[in-house]
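Hi everyone, thanks for making time for this. Please have a look at the structure on the screen, and then I'll walk you through a few parts of it.

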Amino acid sequence: MDTTKTPAPNAAEVDTPVDLDKSEATQDAAAEAKADADPAAATDADAVLADADADADLDDDFAEDRAEAEQPSHVGSAAFAIVSAGLSVVALSGSWVAGIVSERASIAARLELSQAADANAQIAAQFVDPWHTTAMVNGVFSALALIIATFVLALPAFSTPERTLPTWVRSVSWAGIGLGALGVLLFVLMYFDLLLAIPKAAA
């Protein structure tokens with residue numbers, strides 16, 4: 001008696017590794033054939049990827065530009081610092097404005113003199129009044145330099161906390177403050193005749 005069972009004709013056959021390899025190769029060949037048949041689709045995909053890369057580059061450039069724009073500009077502070085230092089130097093060394101005003105004061109004082117004026121009055125008209133006028137002009141320049149330099153140094157305190165002035169701007173501002181304070185001191189000493197005494201004529 002033969003007990004060997006024969007498989008049913010309708011039973012599902014198990015896929016072997018050889019069959020799986022054949023199916024994968026068939027799918028790859030089908031994909032390649034589809035790409036060869038429709039090259040426009042592949043070109044569109046490449047164009048989409050290129051556009052995405054371009055958009056990413058534009059976003060990076062925009063972010064960098066905005067970061068640079070958000071950084072505070074120190075052009076105004078630097079300009080005011082230089083102006084303050086320049087005014088203080090002019091106040092100490094003299095300017096043509098002070099010379100013109102001094103000559104005008106001297107001429108006006110001489111015109112007011114009478115022929116019978118004594119020597120002390122002539123000295124005051126020719127020298128003392130022009131000295132005081134020059135000291136006043138230089139004192140105004142020094143005061144302006146002092147105010148501007150102080151404003152430049154105090155400006156970061158009234159703006160964003162992270163804003164700081166460059167080192168050279170602070171140095172120039174401190175130089176303007178020092179020279180301006182010296183000019184104001186000389187103005188007080190000269191205007192009130194504390195530095196040089198007024199010459200007096202002998203009786």
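Which residues form one aromatic cluster? They are Phe187, Tyr191 and Phe192.

Before the details, a word on the model. It is predicted, so to speak of local features we need pLDDT of at least 70, side-chain atom pairs count only at pLDDT 80 or more, and totals for chains, interfaces and linings use all residues. Residues are numbered from 1 along each chain as its sequence is written, and side-chain values use heavy atoms, with hydrogens and water left out.

Back to the rings. The structure holds 4 aromatic pairs; rings of Phe, Tyr and Trp (its six-membered ring) pair if their centres lie within 6.5 Å, and planes under 30 degrees apart count as stacked, over 60 as edge-to-face and the rest as tilted. Phe187 and Tyr191 have ring centres 5.6 Å apart and planes at 35°, so this pair is tilted. Both residues sit in helix α6, 4 residues apart, about one turn of the helix. Helices here are DSSP runs (H or I, at least four residues), numbered from the N terminus.

Tyr191 also pairs with Phe192, this time edge-to-face, at 5.4 Å centre to centre and 80° between the planes.

How accessible are they? Buried means under 20% relative accessible area, exposed over 50%, and partly exposed in between, with a 1.4 Å probe and protein chains only. Phe187 is partly exposed at 21%, Tyr191 is partly exposed at 32%, and Phe192 is exposed at 53%.

Now to the neighbours of α6. The axes of α3 (residues 75–93) and α6 (residues 167–191) come within 8 Å and cross at roughly 30°. Axes are lines fitted to C-alpha atoms, for helices over the stretch in contact, with angles from 0 to 180 degrees between N-to-C directions. The two helices are therefore roughly parallel to each other, a label for angles under 35 degrees. Residues making the contact (heavy atoms within 4.5 Å) include Ala81, Ala85 and Val89 of α3 and Val172, Gly176 and Leu179 of α6.

Finally, is Ser142 buried or exposed? This residue of helix α5 (residues 119–154) is buried, with a relative accessible area of 0%. Leaving aside residues up to four places away in sequence, Ser142 touches Ala91, Gly180, Gly183 and Val184.

Terms used:
Parallel < 35°, antiparallel > 145°, perpendicular 65-115°, else oblique.
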